[in-house]
Every structure is written in C-alpha cells, then in structure tokens.
Amino acid sequence: MSKLNKEISKRKTFAIISHPDAGKTTLTEKFLLFGGAIQTAGAVKSNKIKKTATSDFMEIERQRGISVATSVMTFEYGGKLINILDTPGHKDFAEDTYRTLSAVDSVVLVIDCVKGVEAQTERLMEVCRMRNTPVMVFINKLDMEGRDPFELLDELEEKLNIKVRPLSWPINIGKRFQGVYKLYDHSLNLFKANQTKIEDDITEIKDLNDPRLVAEIGEDDAVQLQEDVELIEGVYDEFDIDKYRSGALAPVFFGSALYNFGIREVLEKFVEIAPEPESRDSDLREVSPNESKFTGFVFKIHANLDPRHRDRIAFLRVCSGQFERNTFYQHVRLGKKFKFSNPVNFMAQSKNIVEEAYAGDVIGLYDTGNFKIGDTLTEGEQLNFRGIPSFSPEIFRELINKDPMKSKQLDKGIRQLTEEGVAQLFVKELGNKKVVGTVGNLQFDVIQYRLEHEYGAACIFEPMSMHKACWITSDDKDQLNDFTRIKSNFIYLDKDQNKVFLAESAWVLKSAQETYDKIKFHFTSEFKLASASKN
Ligand code: G4P
C-alpha cells in the first residue's frame, strides 16, 4: 500500500450529534479520555449557548471562542486516527450542524434514555438519512431511571426511519445500573463507576454461563440479562456492516457517559466498522479519497474574535490526496491560486501548524475574506464539491439600515456574516430590499451585535410574517416567468443568485404549488445535488 493510501485508511472522521443536554459534550470528552488525548475529564468545555445567555453578548463571544477551539478534535484509538467534528447543540445554530454533517463520513447519535427521541434528534437524523450517512446510536444516562431499552429501540425505528440492532446491552438501570454486556463478542466488561478516570481493573467474563457472572452482578440481573440476550438474538437480525455503511441500519450501544460505562464498547466497534474517508460528489465527477491529487472544500468559516484582526478561519475537509503547506492550490470559484503558510490542525485542545494533511482530515486555513462556505480547492481541476445545503429558514426579518452614512459597512458586514453561515440573506430581485432568514431568534441578536462591533454598522430588524423560503426551478421557462412576474413582490435572490420564493403562509405556498404545476419548490438549496446525481 502506498504511503498515501496507508494514511487515508487510518482516518475516521465523524460528528457526535444530539438534542441539547443528551450528553454530546460528555461523550466527546470520554472518547478523548479513552483515546489518551486528555488525562482527566473536565478539559473539554461545553460549547453550549445556554438559553439564559441570549442577551449576554460577551457570553456569546466567549462561547464562539470555545467553539473554535473545539471545532475539530483529533485523537488515536486502536491504530486509527479519529477526527471528531463538533456540532453546536443549540437549536438556533442547527444550520452550522447541517453543514458540518457534509464534512463527515459517519455520525454517533446520542439519545437520553429518560427522554428518548427528541425534536432536534429527528431533524438531525433527517439530514443524515438524506445523505445515507452511517449512524451509530449511543443511548446515554443509564444511571438514571430511564425508559425500558426495548421500548427505546422501537421508538428509534419508528421516529427516525431506520432499522436498529443493539450491540451492547445494559445490566439493570438507574441506581441499580451495573454496566453493559457486549453482544458482539458475548463478553462482559465490568467497570467501576468513575467520573474522571478510566478504571484499570476490568473484570472480563467471556460466557454468560460463567458462574462469576452471578458472583459479579447477582442472580436476578444475571437471569434478566440471559433472558434479554435470548430475546435480542431472536428478534433482531445479525448485525450487517454493509447495511450500516449504507445508512440503513444503526447499531445501538447503551451506557453512561458520565460514569464511563459503555464508552469502550462504542470505541472498539467504531474503529472496526466506521467508514474510512468516502468518495465525494462534485459537479464534474465523483472524487475518490485515494486520488493522488489534492481536493477539498470549505464547510465552516469562523470569524476572528478580535475585531482588530479581520482574518477568519476557514475549515476545510480534505477530500482526496494530500494537502501540503506553502503549496499553491486553485480556488475554483475565484479562478485564482492561493498558498497557505499557516494551516492548522487540532489535536485535542491545541492548534498546531501542519505540514501536510490527508483525505479525511479537517484543517483550518487563515483567510482574509476569500472563502465562502462551499468553496472548493484543487490542484487545478475545475470541479466544485456539492452537498453543502442551505435549509429553508424559519424566521424572517427585514434588515433596515439605521445609519445611511454606513450603508457600505452594513452591506459588507451582512455579506461576510452570511458567508460565514450565520444566517441567510435574500435580496429582493426588484428594489434591493434585504431579508435575513434564520432558524432561531438568537441569530438576530448575534448579527446586530457583530455588525455594530466588527463593522461599525447599525441596523434594526423588522419582523416579517413569512412561512417559508423555497428555491424555485422549472423546465418550463414561460411558467417560471409568469410566476416571477405575478409574485414579483415575493421573489428574492440568494447568495448564489438563485431565485427564491418567500411564501407568506402555508396556504399561499400550497395554492402556488397547485397553480404552477411545472415549477418545483425546493426546501433546501441542495436541490441541484438532488436532481443532478441522487436520482
Ligand atoms: P450536550 O453536550 O448534549 O448538551 O450535553 P452535556 O454533555 O453537556 O450533558 C448535559 C448534562 O447531562 C450535564 O449535566 C451532564 O453532566 C449530564 N450527563 C451527561 N452524561 C450523563 C450520564 O451518563 N448520566 C447522567 N446522570 N448525567 C449525564 P449538567 O448538570 O447540565 O451540566 P454539568 O454542570 O454537570 O456540566
């Protein structure tokens, strides 16, 4: 195997996703602890923006700082190099999460065993299902009086539209929780509960009939475990790795991230089954990770926290070949060559300058305003990666300039902030009216604050009652022209000059869909991908 292929096959790049508070941060931290990247728990700060912080801008800034530091964390386990991409838990930042999902090869979904499948879980999983991203499920907080594990498995299948197969199984629950049994190799690791360190003395039991089982966990739990295992083997098919890799089957693990139970099982299985860097679709062709030439795309941009320095960090996923420091690469959209003297990678908590990076890796590139989300870098080939969607926002407000002398600053600021993906900007085709669409109210506070502090521009946001933004396309030019003429008041352009219809209500949208049957109304900007390659 060539050096390039060897490096690439070592890599596993994934994201942990969850409804806020299910335990994403705790699990991330425990992965790093088990991987030896940190020595004690408590080192990874939560990047949660607490609900109470909406008016506390310094808090938001502080949190943004943390989320740069924890955006990518790399550690080694079982001979593999694992890149965890962090996703913000707060629902107002869901867009950021959706984009991060375009840069991973698999996800681990964390579920709270008391709450089961929650709203945000369903939305995140819809995105994973859209891309057939392989999913592993970790059912967390078994040390609390949660729901029956079989019932949770049924709920996962029902609400997330995916088949499941347990690979570990809890021994009792709540105060009586004793650990997990490994269904995949029929053995038992009994740990001592410990919040900050990994216990070294593990009792390993290879067979459920081993008399030590009763000695370790007691007669009642041993009998219950034997019955549960029999039921699982009878009800669920054998775990099938191909089905997992195609996104149709999710292996399920149980545990308590807080007390270190069940973590080793997920990691052990993760390094064995999680996919290596996968091929990615571009507008020209599919790009395989093992190609010798470098390609990559930007999926996230983070502004520098210090307003005196305008540079930003663009996060780039390497899709093929090898990236090298101080080498010229083609910025396809701008048609220009750039080289990077200080590209960084992220080992646990620290940023380091990297000389080279391989397909699967995520690196940070210092940027002075040349990158937009979705930009592609290559060694010269004119291809663009696809699949960085914008979703139909849920809240719309008109952007009004409060200081006419500062309109240039405002234009520049709002353009850069939307390039960073903080929100979406729609500009009316006729008349230049600007509408900002977001998935949460918090974004408007962030935008207003940052426009003022980073760009010196003052604005206000007028509420608008809009139902949805739909990207419109049609093969029937006449009908599309008719529609945009009649609805001209509601036709806007997005950042890429695509036409967008802002529908005032569900009823207006439905009636437009019925009247204009040759027009397609898309709810994500990924329609180009969906129509061009998926079908
Ligand atoms: P998130 O990133 O998904 O939002 O969740 P996070 O890990 O921050 O966990 C949310 C809360 O749940 C935290 O408590 C955390 O300690 C707790 N937690 C995580 N895993 C477990 C578990 O296995 N068992 C139990 N009982 N609790 C768990 P908190 O009080 O909100 O925060 P903290 O002050 O403890 O950090």
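Trainee: Where is Thr97 found?
Mentor: Thr97 belongs to helix α4, residues 94-101; helices (H or I, at least four residues) and strands (E, at least two) are DSSP runs, numbered from the N terminus. Please note that this is a predicted model, in which local features need pLDDT of at least 70, side-chain atom pairs count only at pLDDT 80 or more, and totals for chains, interfaces and linings use all residues. Residues are numbered from 1 along each chain as its sequence is written, and side-chain values use heavy atoms, without hydrogens and water.

Trainee: Is Thr97 buried or exposed?
Mentor: Its relative accessibility is 2%, so Thr97 counts as buried (under 20% relative accessible area, with exposed over 50% and partly exposed in between; 1.4 Å probe, protein chains only).

Trainee: Which residues is Thr97 in contact with?
Mentor: Setting aside neighbours within four places in sequence, Thr97 is in contact (heavy atoms within 4.5 Å) with Ile17, Thr87, Pro88 and Leu124. Val127 lies 30 residues from Thr97 along the chain, and their C-alpha atoms are 9.8 Å apart.

Trainee: Turning to strand β5, how many of its residues are buried?
Mentor: Six of the six residues of β5 (135-140) are buried, so the strand is largely enclosed by the rest of the structure. Val135, Val137 and Ile139 point one way, while Met136, Phe138 and Asn140 point the other.

Trainee: And which strands does β5 pair with?
Mentor: β5 pairs with β4 (residues 106-112) in the parallel sense over six bridges; pairing requires at least two DSSP bridges between the strands. Ile139 of β5 has Ile111 opposite. β5 also runs parallel to β11 (residues 249-254), joined by three bridges, where Val252 is the bridge partner of Val137.

Trainee: Which residues touch the most other members in the largest nonpolar core?
Mentor: Val137, Ile139, Leu156 and Phe323 do, in a core of 82 residues. A nonpolar core is a set of buried Ala, Val, Leu, Ile, Met, Phe, Trp, Tyr and Cys residues joined through side-chain atoms within 4.5 Å. Strand β15 (residues 312-320) gives the most to this core, six residues. Domain 1 (3-273) and domain 2 (280-378) each supply at least three residues; these bounds come from an automatic or database domain assignment. Another core, of 31 residues, lies apart from it, and includes Ile38, Met73, Ala257 and Ile263.

Trainee: What is the strand order of the open sheet of eight strands?
Mentor: The order is β27-β24-β26-β25-β29-β30-β28-β31, with antiparallel pairing. β27 (459-463) and β31 (519-522) are at the edges with a single partner strand each, so one side of each has no neighbour in the sheet. The twist averages 40° from one strand to the next.

Trainee: How many bridges pair β28 and β31?
Mentor: Four bridges pair β28 (residues 468-474) with β31 in the antiparallel sense, and Ser474 stands opposite Ile519.

Definitions and conventions
Axes are lines fitted to C-alpha atoms, for helices over the stretch in contact, and angles run from 0 to 180 degrees between N-to-C directions.
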